[in-house]
Amino acid sequence: MKLELFFAAIALIHAMLLLWTLRTRADTAEWLVRTLLLALMYDNIVLAFGTREFDQAWYYSASWLRYGMHVLVLPPLVIAALQLANRSGVLWANRRLVIMASLLFVAAGLAIGIVTELLGLELVRETLFGHVRFVSADSMPPIATILTNIVVLIIAACIWRIAAWPWLFLGALTIFLVNGVSAGMPWSIVSGNLAEVLFAAGWVLTLQRFKPVAD
């Protein structure tokens, strides 16, 4: 299977998950997860056009935006996780101190991501199995992403314990382990994007399980 078709198929899955979230009333968590799904869909659409459009001027900018969306979309998921925890019955998730700490974490995560991943970002050509794309010339691990994943895992573990709902935790754990094991490997883009499907599905399933309380 050509990687172009692989990325197109992954983009379609994220689009279907996004449509699924439109079935229910949206609160903050829903909008943040929808933003995640849009970013993942965009990421894979750009990758699907890599070999065909790599030499076009627009493709570099589109690839740069892939990294920008990654930096800006992930840290706010901590807020979505807290809101879902509150809906699931985790008592401490709605305490003012916890909410303030989460907002400070998000602000710090965004700042760290922008400084370490976006400022001075240089993209270089990489070819995998005949597929061409732009990747960051800097191999530094995404610190803000890693920290965000750890915090989401902690919150998701509490949801599992209180509400017997493991899917957000398992999705977050999968992407954490897959990205950790495959870091620096040439095939990491394939395994990572597959793990993102499970990560996204964990969020969507949890949204469907713990829906917003009607006003």
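Q: What makes the set of 41 residues a nonpolar core?
A: A nonpolar core is a set of buried Ala, Val, Leu, Ile, Met, Phe, Trp, Tyr and Cys residues joined through side-chain atoms within 4.5 Å. Buried means under 20% relative accessible area, exposed over 50%, partly exposed in between (1.4 Å probe, protein chains only). The largest such set here has 41 residues. Leu 36, Leu 37, Leu 84, Ile 159, Phe 199 and Trp 203 have the most contacts inside it. Among the helices that give two or more residues to this core are H1 (3–21), H2 (28–48) and H7 (143–163). Helices (H or I, at least four residues) are DSSP runs, numbered from the N terminus.

This is a predicted model: local features need pLDDT of at least 70, side-chain atom pairs count only at pLDDT 80 or more, and totals for chains, interfaces and linings use all residues. Residues are numbered from 1 along each chain as its sequence is written, and side-chain values use heavy atoms, with hydrogens and water left out.

Q: Why is Ser 88 called buried?
A: Its relative accessible area is 11%. The limit is under 20%, so Ser 88 counts as buried. Ser 88 lies in helix H5 (residues 77–88). Leaving aside neighbours within four places in sequence, Ser 88 is in contact (heavy atoms within 4.5 Å) with Ile 159, Ile 162, Ala 163 and Phe 210.

Q: Why is the pair Asp 43 and Arg 66 called a salt bridge?
A: A salt bridge is a side-chain nitrogen of Lys or Arg within 4 Å of a carboxyl oxygen of Asp or Glu. The N to O distance here is 2.7 Å, so the pair qualifies. Asp 43 lies in helix H2 and Arg 66 in helix H4, so the pair ties together parts that are 23 residues apart in sequence.
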